[in-house]
Amino acid sequence: GKYRVVSTKPMPGNRWIDLLIEQDCRVEICTQKKTILSVEDIIALIGDKCDGVIGQLTEDWGETLFSTLSRAGGKAFSNMAVGYNNVDVNAANKYGVAVGNTPVILTETTAELAASLSLSAARRIVEADEFMRAGLYDGWLPNLFVGNLLKGQTVGVIGAGRIGSAYARMMVEGFKMNLIYYDLYQATRLEKFVTAYGQFLKANGEQPVTWKRASSMEEVLREADVISLHPILDKTTYHLVNKDSLAIMKKEAVLVNCSRGPVIDEVALVEHLKQNPMFRVGLDVFEDEPYMKPGLADLKNAVVVPHIASASKWTREGMATLAALNVLGKIKGYPVWSNPNQVEPFLNENAPPPA
Ligand code: GLV
Ligand code: GLV
């Protein structure tokens, strides 16, 4: 192969490797046992000559790595993730390295996990499973693991882009929930879907579902029964859910986070969960991954999973393929399939393309 492409991790499937090899690339996959590579580890991987890198969201792609990659002749970097808060895009621009991410292919998989966490929290699935396995079940009781009915309740979505909108559609259609959402952009298609579904229900003699675009995040937090967070992580969304915002939420609300950990002040959340046993959360992401804040692991009203929202076989193979195509396209001089500088901000499918 004429070009040297490095992947900082083994990735699912072979399609991504075949594609690169077919197109004159040598593929080098880091086999280090440790889960999170340091900047020094990646500098060593890049070496003297490297045309492109596929990296992971656990890595700090800033000034140091982009200058190193550029010096090694590198033209492209792709995160194998839709989120790119670990990537300093300005630094990449400064050193002439194109940056890609892997949107769209993980939309439904991620929304399905958010829906799973919503149901698991609302119906206390994990607590009940632990109870069974502990041999504590000694007969049906009217009061055993009573949770929340979703039908007719309100689902709140903060960040109604691709993933937030897909989640909203699942919850509205699947469980006949009303929708309230907050986003900088109007989610026109989502609104139309809820309106049409509401008309369908009404025509069948059922209670129609409704939607509302909130004028503030607080409005969603105050009114929704189940709230799922789908913003990008940046300065404006850091600790978006904090002590004050938790205080205005319903005492029996369900809160789900499949975006990025620092969107929630996790210390404040632990305290809130302790004070409000009927308040439940489903968390896929954490403020200091891989760690949880003290106390979280002991709380029965929290369902926690290790950042697996995009983890379906189809999606993960697709993400690997897309990341490889991003890098390959740039090496070959084609437009990068998806570049954070070129895709729409705030993950909104209805946003106008940037000028
Ligand atoms: C996963 O967290 C991603 O951003 O793809
Ligand atoms: C519960 O199992 C019921 O039959 O109501």
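Predicted model: local features only at pLDDT ≥ 70, side-chain atom pairs only at ≥ 80, totals over all residues.

Let us begin with a sheet of five strands. It is an open sheet with the strand order E2-E1-E3-E4-E5, and the pairing is parallel. At its edges you will find strand E2, residues 25-29, and strand E5, residues 98-100, each of which pairs on one side only. Going across this sheet, neighbouring strands are turned against each other by 15 degrees on average, direction ignored. To see one pairing in detail, look at strand E1, residues 3-7, which is joined to E2 in the parallel sense over five bridges. A handy landmark here is Arg4, which stands opposite Arg26 in E2.

Helix H12 lies across E1, E2, strand E3 (52-55), strand E4 (76-79) and E5. Its direction is about 165 degrees to that of E4.

H12 also has a helix as a partner. Two packed helices are described by the angle between their axes and the distance between the axes. For helix H1 (residues 15-22) and helix H12 (residues 313-332), the angle is about 20 degrees and the axes are 8 Å apart. Angles under 35 degrees count as roughly parallel, and H1 and H12 are therefore roughly parallel to each other. The crossing of H1 past H12 is right-handed. Which residues make the contact between H1 and H12? From H1 come Arg15, Trp16, Leu19 and Leu20, while H12 brings Ala320, Thr321, Ala324, Leu325 and Leu328.

Another helix pair is made by H2 and H3. The axes of helix H2 (residues 39-46) and helix H3 (residues 63-71) come within 10 Å and cross at roughly 5 degrees. That angle makes H2 roughly parallel to H3. On the H2 side the contact involves Val39, Ile42, Ile43 and Ile46, and on the H3 side Thr64, Leu65, Thr68 and Leu69. The residues of this contact of H2 with H3 comprise six nonpolar, two polar and no charged.

Next, follow the chain to H5 and H7. Helix H5 and helix H7 (residues 162-175) pack with their axes 8 Å apart, at an angle of about 50 degrees. H5 and H7 are therefore oblique to each other. H5 passes H7 in a crossing that is right-handed. Several residues of H5 take part, including Thr107, Ala111, Ala115 and Leu119, and they meet residues of H7 that include Ile163, Ala166, Met170 and Phe175. The contact of H5 with H7 divides into ten nonpolar, three polar and four charged residues.

Arg124 has a positive phi of about 60 degrees although it is not a glycine. You will find Arg124 in the loop between helix H5 (107-123) and H6.

E6 leads us to another sheet. This open sheet has seven strands in the order E8-E7-E6-E9-E10-E11-E12, with parallel pairing. Its edge strands are strand E8 (211-213) and strand E12 (302-304), each pairing on one side only. From one strand to the next, the twist averages 15 degrees.

Strand E11 (residues 280-283) and E12 pair in the parallel sense over three bridges, and Gly282 stands opposite Val303 in E12. The loop between E11 and E12 holds Pro290. The peptide bond from Glu289 to Pro290 is cis, with omega near 5 degrees.

Key. Residues numbered from 1 in each chain as written. Chains lettered and ligands numbered in written order. Heavy atoms only, no water. Axes fitted to C-alpha atoms, helices over the stretch in contact; angles between N-to-C directions. Helix = DSSP H or I, 4+ residues; strand = E, 2+ residues; numbered from the N terminus. Parallel < 35°, antiparallel > 145°, perpendicular 65-115°, else oblique. Left-handed = near helix turned anticlockwise from the far one by under 90°. Contact = heavy atoms within 4.5 Å. Pairing = 2+ DSSP bridges. Nonpolar A, V, L, I, M, F, W, Y, C, P; charged D, E, K, R; others polar.
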